[in-house]
Amino acid sequence: MTSPLARRVYETCHLTGSFRLRSGQVSDEYFDKYRFEAEPALLREVAAAMTELLPECDALAGMELGGIPLATVMSQLTGLPTVFVRKEAKAYGTQRAAEGAAVAGRRLVVVEDVVTTGGALLASCRALRAEGAEIAAVVCAIDREQGGGANLAAEGLQLRPALTRRDLEAAVAGG
């Protein structure tokens, strides 16, 4: 990835302190993806970098909450339809975990913002597969490089990050 993008993302999103991650781990740094997702130009640039990683697919599947803005912009850039994936199916209305288009028989790329261990992704990919979807790959904005890629690979899922923790740190260290 180009270091100017990595540098902008790092400078926009990197926080220090004490943060409990979704995985339950405690970290002294945090990449607040909502900070780049709230900046239209930077969101578009990250989404454009992610579109370069897409394998052949029928639709994008944006993970609630942070994957949805990325998948929406990627959809605009590629013309691919988007499915919005809930952490769990709602108990009313359609009662589905995936909203938007049907997923059965479709080849999806799951879109996520930040991957740490991949726990939430694994659960959602299982739910999508249970509904008949094929998962072509998982594309993310930032891989924290804390086991997510290996955990996904163990279930036959390939992680394709636009940026890794190493990329972000190198961009700042180098300039």
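Predicted model: local features only at pLDDT ≥ 70, side-chain atom pairs only at ≥ 80, totals over all residues.
Student: Where does Glu 145 lie, and is Glu 145 buried or exposed, or partly exposed?
Tutor: Glu 145 lies in the loop between strand S7 (134-143) and helix H6 (148-153). Its phi is near 55 degrees, a positive value in a residue other than glycine. Buried means under 20% relative accessible area and exposed means over 50%. Glu 145 has 29%, so the class is partly exposed.

Student: How are H3 and H4 placed relative to each other?
Tutor: The axes of helix H3 (residues 40-51) and helix H4 (residues 67-78) come within 9 Å and cross at roughly 70 degrees. H3 passes H4 in a right-handed crossing. Angles of 65 to 115 degrees count as roughly perpendicular. The two helices H3 and H4 are therefore roughly perpendicular.

Student: By class, which residues has the contact of H3 with H4?
Tutor: On the H3 side the contact includes Leu 43, Val 46 and Met 50. On the H4 side it includes Pro 69, Leu 70 and Val 73. By class, the contact of H3 with H4 has ten nonpolar, two polar and one charged residues.

Student: What is the arrangement of H1 and H7?
Tutor: Helix H1 (residues 3-13) and helix H7 (residues 165-173) have axes 8 Å apart. The angle between H1 and H7 is about 95 degrees. H1 and H7 are therefore roughly perpendicular.

Student: How do the residues of the contact of H1 with H7 divide?
Tutor: H1 contributes Ser 3, Ala 6, Arg 7, Val 9 and Tyr 10. H7 contributes Asp 167, Leu 168, Glu 169, Ala 171 and Val 172. The contact of H1 with H7 divides into six nonpolar, one polar and three charged residues.

Student: With which side chain does the side chain of His 14 make a polar contact?
Tutor: His 14 is found in strand S1 (residues 14-20), and at 18% relative accessibility it counts as buried. Leaving aside neighbours within four places in sequence, His 14 is in contact with Val 9, Glu 29, Tyr 30 and Phe 31. The polar contact of the His 14 side chain, at 2.7 Å, is with the side chain of Glu 29.

Student: Which side chain is joined to that of Thr 82 by a polar contact?
Tutor: Thr 82 is in strand S4 (residues 82-85) and is buried, with a relative accessible area of 13%. Neighbours within four places in sequence aside, Thr 82 is in contact with Leu 60, Ala 71, Ser 75 and Ala 101. The polar contact, of 3.3 Å, joins the side chain of Thr 82 to that of Ser 75.

Student: How many Å apart in space are Glu 37 and Cys 13, C-alpha to C-alpha?
Tutor: Glu 37 belongs to helix H2 (residues 33-37) and counts as buried at 10% relative accessibility. Setting aside neighbours within four places in sequence, Glu 37 is in contact with Leu 43, Gly 66, Pro 69, Leu 70 and Asp 113. Glu 37 and Cys 13 are 24 residues apart in sequence, and their C-alpha to C-alpha distance is 9.7 Å.

Key:
Residues numbered from 1 in each chain as written. Heavy atoms only, no water. Axes fitted to C-alpha atoms, helices over the stretch in contact; angles between N-to-C directions. Helix = DSSP H or I, 4+ residues; strand = E, 2+ residues; numbered from the N terminus. Parallel < 35°, antiparallel > 145°, perpendicular 65-115°, else oblique. Left-handed = near helix turned anticlockwise from the far one by under 90°. Contact = heavy atoms within 4.5 Å. Nonpolar A, V, L, I, M, F, W, Y, C, P; charged D, E, K, R; others polar. Buried < 20%, exposed > 50% of the residue type's maximum accessible area, 1.4 Å probe, protein only. Polar contact = N/O pair within 3.5 Å; in protein donor to acceptor, adjacent residues only side chain to side chain.
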